[in-house]
Amino acid sequence: MPPSESPLHVVHAVCSHDCPDSCAVLVSVDTNGRAQKIAGDPDHPVTRGFLCGKVAQYLERVYSPDRLLYPMRRRAGIAKGPLPSGREAESFERITWDEALDTIAQRLASIAEKHGPESVLPYSYAGNMGVLGYGSMDRRFFHRLGASQLDRTICATAGGDAFLSVYGRKLGTDTEQFHRARLIIAWGANIHGTSVHLWPQIEEACRNGARLIVIDPYQTRTAKLADWHIAIHPGTDAALALGMMHVIFAEGLQDRAYIDQHTIGAKELAERAKEYPPERVAASTGMTAGEIRTLAREYATTKPAAIRLNYGIQRCENGGTAARAVCMLPLLTGAWKDLGGGLQLSTSGAFRFDSQTLERPDLMYASPLGRSARVVNMARLGHALTELNDPPVKALFVYNSNPGAIAPNQNTVLRGMARPDLFTVVHEQFWTDTADYADIVLPATTFLEHADLQGAYGHYHVQLSDQAIAPLGEARSNVWLFGQLGQRIGFPEACFRDTEQQMLAQALSDSPQETHPQMDGITLDQLRREHSVRLHWAGEPDAPFQPFANGGFGTPSGKGEFYSVALAEQGLDPLPSFKPPKESRHNADRAYPLEFLGRKADNYMNSTFANLAPHQKMEKTRIGKLEIHPDDADRRGIREGDTVEVFNDRGRIRLVAQIHTGVPAGVVASRLNWNKLSAGGSNVNALTSERLTDIGRGPTFYSTLVDVARVPHVG
Ligand code: SF4
């Protein structure tokens, strides 16, 4: 049949899951409005016609019989807590949207009046990365209510703040230029698993003779494919970066001209780096001094050299400093000057959407508070729900997240969520671990069922995501939900009646020339025509973008800052240093002997997808397993396939031992799953703490000590 007669029409959408790639997605929809096919857009320069394994099967998610499709209210007398998977709905009764909205509006209003509006806590993150879905009408609603503000730290603030302290703008090497690199260091970056559209660039670079070095305590899929896998001890990245700096300075391998022209603080950094000779760094990292010298020389003398840094390294007690130190390396060698060289942590700073108009922080001053509301750190949800006072949290509103599974210090979080006096609303697509604790559950749309705009943190294209299909059942978008709630509760501002389409236009209404000229002139009409638009960087229209090649820093000094006055003013060390995490092998007084990596599953997206059969099938060899080195297993009498308990003072989880050398001795690893799908009913976060990173107030998932014991076989 000729394409013009095809019964399918194609809609351009954008994957809104928490992933750097922000893929351009083509959805083929039949004449009944049902999506029949989903594919990567072959014309998109980063998506290049393919989707990852997680989203290639997305229609099974959208049309899953397990989708939450109607508002539900907990039945009287049913206590909050884990519900049997697949039978959750039995504990709830279906209600209409009118009943749901009225109940929520009344409860939030009365809680705000009785306990103060800050007793209401929103909890959301990047389960939806669309500009509107991530933060727009929801923020208006909670600001106008006077609810506590949420410090959204769970993923990236330590690394983000660290990068900004050096560069002032969150830009990085363009994904589309990595193929030019002759050396690529994947530092805490499992590119093959989590940035799959960067991977073809790496392959092309390697075909052209580039070397791939992976620095990661764990043997990831990417590490298996590397020319050199350096399995350093967890939490020692700052030491390694400082050791590399030591060699670079000592051997005169720094780019003096670039440093003189574009940086401040090199002299002070050189003095600091003297404290980290390779022999000292070797003792911290587990590498040999010779390997550290080889790595430093190879990095400093190969051009172009690109580092793909990912957020894993900043989820340690010293994670901010570690990210800072690694981020300084291309500044020291001038790697930014070479097309294909530099470093990529995130490209998100390139995008500017009009957050003032979308989020309306001014509405806090129209709230009963009449001031900016207190800020609660989402990485300390357990503390917020069990200890915070003045006022205590009395209502929790969860959307775009599953804190029951992903928040650290899980037992405390769940104890808090089980409080009978806590009113909890969960807006979700599925019956997650968090929904089990809800008073009211609301059905949420997937990215096929609403329109949105999207930037990216792994490329430089802004995209419009058109609505491909009608919402399933009675699922509704965040914009609709919070607009309706604002109206029900009686907020007089007209902004609560804005439509999705009006808000899309608002998002693009402001892009100041001085800070974001690359967004200037990009309009909704253009995006409607073209779907995806590359940001306009200075120079020829198709010229490659090279951040920091010739300045462009957004720091107070206008230079790349090895020495940060801003950090010094906060009482922090203005130069990087290595302070071993308390929860690590470096602590002689530690209570538990093994370093635990609660990793994300390659085929899930944090906790998203964990409940779906196709994804479970892809994960079946690793999920529910404790990966342990043969030496550590032998010492405990553990054999392959034994049931083991992993424990510390915060909790214990039950797993099946999987003995191999992909984890170094002294380190054990397991993957994040839903609690209700885990053998002992708890996942890796039963072991993690609420301790925060040195910079950025982030969680320290990877500074976790545990021990392991075999569970005796009974029967
Ligand atoms: S999860 Fe990432 S790689 Fe997969 S489709 Fe979405 S944006 Fe693309």
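This is a predicted model: local features need pLDDT of at least 70, side-chain atom pairs count only at pLDDT 80 or more; totals for chains, interfaces and linings use all residues.
Guide: Two strands are taken to pair if DSSP finds at least two bridges between them.

Visitor: Which strands form the closed barrel, and in what order does the barrel run?

Guide: In general, the strands of a sheet pair through backbone hydrogen bonds, and the pairing is either parallel or antiparallel. In this model, six strands make up a closed barrel in the order β22-β26-β23-β25-β24-β27, and the pairing is mixed. On average, neighbouring strands of this sheet are turned by 45° against each other, direction ignored.

Visitor: How many bridges join β24 to β25?

Guide: Strand β24 (residues 643–648) and strand β25 (residues 651–659) are joined by six bridges and run antiparallel. Within that pairing, F647 stands opposite R652 in β25.

Visitor: What is the order of the strands in the open sheet, and how do they pair?

Guide: The open sheet has three strands, ordered β1-β2-β3, with antiparallel pairing. Its edges are β1 (9–14) and β3 (35–40); each has a single partner strand, so one side of each is left without a neighbour in the sheet. Neighbouring strands here are turned by 25° against each other on average, again with direction ignored. As for the bridges, six of them connect β1 with strand β2 (residues 24–29), and the two strands run antiparallel. V10, for instance, has S28 of β2 as its bridge partner.

Visitor: Let us turn to the helices. At what angle do the axes of α10 and α13 cross?

Guide: Two packed helices are described by the angle between their axes and the distance between the axes. For helix α10 (residues 237–250) and helix α13 (residues 278–285), the axes come within 9 Å and cross at roughly 165°. An angle over 145 degrees counts as roughly antiparallel, and α10 and α13 are therefore roughly antiparallel to each other. Their crossing is left-handed. On the α10 side the contact is made by A239, L240, G243, H246 and V247, and on the α13 side by P278, V281, S284 and T285. By class, these contact residues divide into five nonpolar, four polar and no charged.

Visitor: How are α10 and α12 oriented, roughly perpendicular or roughly parallel to each other?

Guide: The axes of α10 and helix α12 (residues 266–273) come within 9 Å and cross at roughly 110°. Since angles of 65 to 115 degrees count as roughly perpendicular, α10 and α12 are therefore roughly perpendicular to each other. L242, M245, H246 and F249 of α10 make this contact with A266, L269, A270, R272 and A273 of α12. The contact has seven nonpolar, one polar and one charged residues.

Visitor: Which residues in α10 meet α14?

Guide: L240, G243, M244, V247 and I248 in α10 meet I292, R293, L295, A296, R297, Y299 and A300 in α14. The axes of α10 and α14 come within 9 Å and cross at roughly 70°; α10 and α14 are therefore roughly perpendicular to each other. This crossing is right-handed. Sorted by class, the contact of α10 with α14 has nine nonpolar, one polar and two charged residues.

Visitor: What is the phi of D390?

Guide: D390 is not a glycine, yet it has a positive phi of about 60°. Its place is in the loop between α17 and β15. The peptide bond from D390 to P391 is cis, with omega near -10°, and P391 lies in the loop between α17 (381–386) and β15 (395–399).

Visitor: Finally, which residues are around the ligand?

Guide: The residues around the ligand are C15, C19, D21, S22, C23, L51, C52, V55, V196, H197 and M605. Here a residue is included if one of its heavy atoms lies within 4 Å of the molecule. The shell around the ligand has eight nonpolar, two polar and one charged residues.

Note on methods: Residues are numbered from 1 along each chain as its sequence is written. Side-chain values use heavy atoms; hydrogens and water are left out. Axes are lines fitted to C-alpha atoms, for helices over the stretch in contact, and angles run from 0 to 180 degrees between N-to-C directions. Helices (H or I, at least four residues) and strands (E, at least two) are DSSP runs, numbered from the N terminus. Angles under 35 degrees count as roughly parallel, over 145 as roughly antiparallel, 65 to 115 as roughly perpendicular and the rest as oblique. A crossing is left-handed if the near helix is turned anticlockwise from the far one by less than a right angle, and right-handed if clockwise. Contact means heavy atoms within 4.5 Å. Ala, Val, Leu, Ile, Met, Phe, Trp, Tyr, Cys and Pro count as nonpolar, Asp, Glu, Lys and Arg as charged, and the others, Gly among them, as polar.
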